[in-house]
Amino acid sequence: MRVVARPGGEVDEIHVLTTREVGPKQTVRNVESALLAQYDLEVDHRKISVAQTDRGAEEAALVMQTPVRLHEGEQAEASRILFVGHRVASERSHRVLVRVTVEWKGERFEGAASAADLPRSRLEALGEATLKAVETAISKDEEEEATPVALSLDGVKLVDAFDRTFVLVAVHAMYGREITSLAGASAVDDSSDRSVILATLQATDRWIRGRA
């Protein structure tokens, strides 16, 4: 199995090699179920491609037992913070509470933010919750005497370009007296919520890996 992922952990492609004992459609369903059960990861079936081989079952099994590898281009980044999931709950007085969960170095971290139940405020809350989750992950990994990191959301904007809608996120990263302006973008496919989170992770990704 070969998995191609974007910064932030969003899966772009999954390629699977099997024998002809199970049909391609059933294999796709099996992969979807396995990823959901083992990693709590939902993947669109259109991103899963299946190739079948006439090689013996034992030889094909050896191929399938090869550990799953995540690729960004040709190389995976072990220190990348990955998006796990998010929840949005309604509160009183027309407000929403957003929780975003990320994973870094095998551990999961959550950030939360509250905002008015309005389209723009909701998107900004998603960005803020993501940054809080990232801050928590970084602080867990820092030594006690290390300079603390602060991440501040500068803005979230939806932009139409090339017959598609994109989310643009701007972030200020503060480390000691150093302030760095960061930006990330993600195309809106199924959900603008998810795209805001991925764009926020993309904005902070290289800066964090440069410090890890």
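I take a cavity, on a 1 Å grid over the protein atoms alone, as a set of points where a 1.4 Å probe fits but cannot get out, and its lining residues as those with an atom within 4 Å of a point. The model is predicted, and local features need pLDDT of at least 70, side-chain atom pairs count only at pLDDT 80 or more, while totals for chains, interfaces and linings use all residues. Residues are numbered from 1 along each chain as its sequence is written, and side-chain values use heavy atoms, with hydrogens and water left out.

Cavity. I found one cavity of 30 Å³ or more, and the largest cavity holds about 40 Å³, a volume being the space filled by probe spheres set on the points, which are joined across faces, edges and corners. Ile81, Leu201, Thr204, Asp205 and Ile208 line the largest cavity.

Sheet. I then looked up the strands (DSSP runs of E, at least two residues, numbered from the N terminus), which pair if DSSP finds at least two bridges between them. Three of them form an open antiparallel sheet in the order β5-β6-β7. Because β5 (82-91) and β7 (107-116) stand at the edges with a single partner strand each, one side of each is left without a neighbour in the sheet.

Pairings. I noted nine bridges between β5 and β6 (residues 95-104), antiparallel, with arginine 87 opposite arginine 99 in β6. Ten bridges join β6 to β7, where tryptophan 104 has glutamate 107 in β7 as its bridge partner. β6 and β7 form a hairpin with two residues between them, and lysine 105 in the turn has a positive phi of about 55 degrees.

Definitions and conventions
Helix = DSSP H or I, 4+ residues; strand = E, 2+ residues; numbered from the N terminus. 1 Å grid on protein atoms, 1.4 Å probe; cavity = no way out; pocket = protein on both sides within 12 Å on 5 of 7 lines; lining within 4 Å.
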